[in-house]
Amino acid sequence: MKSAKDPRHKRRQLAVKDLFAYSFNKNQDSSKGAKNIINQIKAIDELISESAPAWPIDKLNKIDLAILRLATYEIKFTDTPPKVAIDEAVEIAKEYGGESSPSFVNGVLGKILSSKKDE
């Protein structure tokens, strides 16, 4: 993350906020970025579940789940460099998550990235 005012970082923050709200209200009006992620949510959640088998999706901290959904979408479905997606996710986890969120997010995304390389 180069700057907290970077428009890409701001878009990611908005997407995380929308995904967080979506976890409580499926009829939530979302930004375009979040809608793209929501359209792929089943595949994204499957990847997260495979990479964090000890943590079922319904037991994950909602903000961590929103961050993981965003970053997993970027890694699997966009041309965003995976290291950028992971770095941004860790930074957002530092901003919004709990004390262990950054390391948890980094670990899960590292497993997702290694599974992508195996494909």
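Predicted model: local features only at pLDDT ≥ 70, side-chain atom pairs only at ≥ 80, totals over all residues.

Leaving out residues up to four places away in sequence, I found L109 touching L68, A71, T72, I75, I86 and A89.

Next I looked up the largest nonpolar core. It has 34 residues, and L109 is among the four that touch the most other members, along with I48, I67 and L68. Where does the core come from? I listed α1 (7-22), α2 (32-39), α3 (41-51), α4 (62-77), α5 (82-96) and α6 (101-118), each supplying at least two residues. Helix α4 gives the most, with nine residues.

Then I checked a polar residue, H9, which sits in helix α1. Is H9 buried or exposed? I got a relative accessible area of 0%, so H9 counts as buried, being under 20%. What does its side chain meet? The H9 side chain makes a polar contact with the side chain of E88, at 2.6 Å.

On to the rings. How many aromatic pairs does a search of the whole structure find? I noted three. One of them is F20 with F24: the centres are 5.2 Å apart and the planes are at 70 degrees. That pair is edge-to-face because the angle is over 60 degrees. I also looked up how open these two are: F20 is partly exposed at 32% relative accessibility, while F24 is exposed at 59%.

Last entry: K26 lies over the face of Y22, 4.9 Å from the ring centre.

How values were computed: Residues numbered from 1 in each chain as written. Heavy atoms only, no water. Phe/Tyr/Trp six-rings, centres within 6.5 Å; stacked < 30°, edge-to-face > 60°. Buried < 20%, exposed > 50% of the residue type's maximum accessible area, 1.4 Å probe, protein only. Lys NZ or Arg CZ within 6 Å of the ring centre and 35° of its normal. Core = buried A, V, L, I, M, F, W, Y, C linked by side-chain atoms within 4.5 Å. Helix = DSSP H or I, 4+ residues; strand = E, 2+ residues; numbered from the N terminus. Contact = heavy atoms within 4.5 Å. Polar contact = N/O pair within 3.5 Å; in protein donor to acceptor, adjacent residues only side chain to side chain.
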